Amino acid sequence: MFIKAAEEKDILPGGMKAVKLQGLEIVLCNFGGAFYAVERACGHANARLERGALTGWILTCPLHYAQFDIRNGEALFGPADPSLKTRGLKTWTVKTEEGSVYVDLP
Ligand code: FES
C-alpha cells in the first residue's frame with residue numbers, strides 16, 4: 001500500500017530526507033529527479049544515513065564511509081576499515097503523484 005511520505009519540492013536533486021512511516025525509519029533520496037527509499041540505519045552500525053552524502057545513486061555513510069546503491073540497497077564498498085563489514089540496505093518502491101512522494105509499505 002502506497003503511503004504519502006513527502007512533497008517532491010522538499011527533496012531537491014541530490015538531496016535526502018528522513019521520514020518515519022508506520023514505525024519504519026526511511027531515507028528518501030532524489031537522484032536526478034527520480035526518488036528512492038532506503039532504510040535510515042546504516043547496515044554497519046546504524047549511523048543516520050541522511051547525514052551522509054549522496055553522489056549520483058551512491059549513498060556514503062557519514063561514520064565509516066560504507067557506500068550503498070540507493071536503487072537496490074546493495075553494499076558497494078566499505079566500511080573504510082577493512083576489518084568491518086556491512087550488510088545491504090532494505091529498499092522500498094517509490095512513486096510520485098501530483099507533487100507528492102509515496103512509499104510502498106507492506
Ligand atoms: S556506521 Fe555506516 S559505515 Fe559504519
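Tutor: Let us start with the polar contact, which is a pair of N or O atoms within 3.5 Å, where within protein one must be able to donate a hydrogen and the other to accept it, and where residues adjacent in sequence count only if both atoms are side-chain atoms. This is a predicted model, in which local features need pLDDT of at least 70 and side-chain atom pairs count only at pLDDT 80 or more, while totals for chains, interfaces and linings use all residues. Residues are numbered from 1 along each chain as its sequence is written, and side-chain values use heavy atoms, with hydrogens and water left out.

Student: What makes the pairing of the side chains of Thr 60 and Gln 67 a polar contact?

Tutor: The two side chains are paired at 2.9 Å, and the limit is 3.5 Å, so the term applies.

Student: Why is Thr 60 called buried?

Tutor: Its relative accessible area is 14%, and buried means under 20%, exposed over 50% and partly exposed in between (1.4 Å probe, protein chains only), so Thr 60 counts as buried.

Student: Why does Asn 46 count as exposed?

Tutor: Asn 46 has a relative accessibility of 52%, which is over the 50% limit, so the word exposed applies.

Student: What is the relative accessibility of Glu 98, and why is this residue called exposed?

Tutor: The value for Glu 98 is 80%, again over 50%, and therefore Glu 98 is exposed.

Student: What is noted about phi in Glu 98?

Tutor: Phi of Glu 98 is positive, at about 50 degrees, although the residue is not a glycine.
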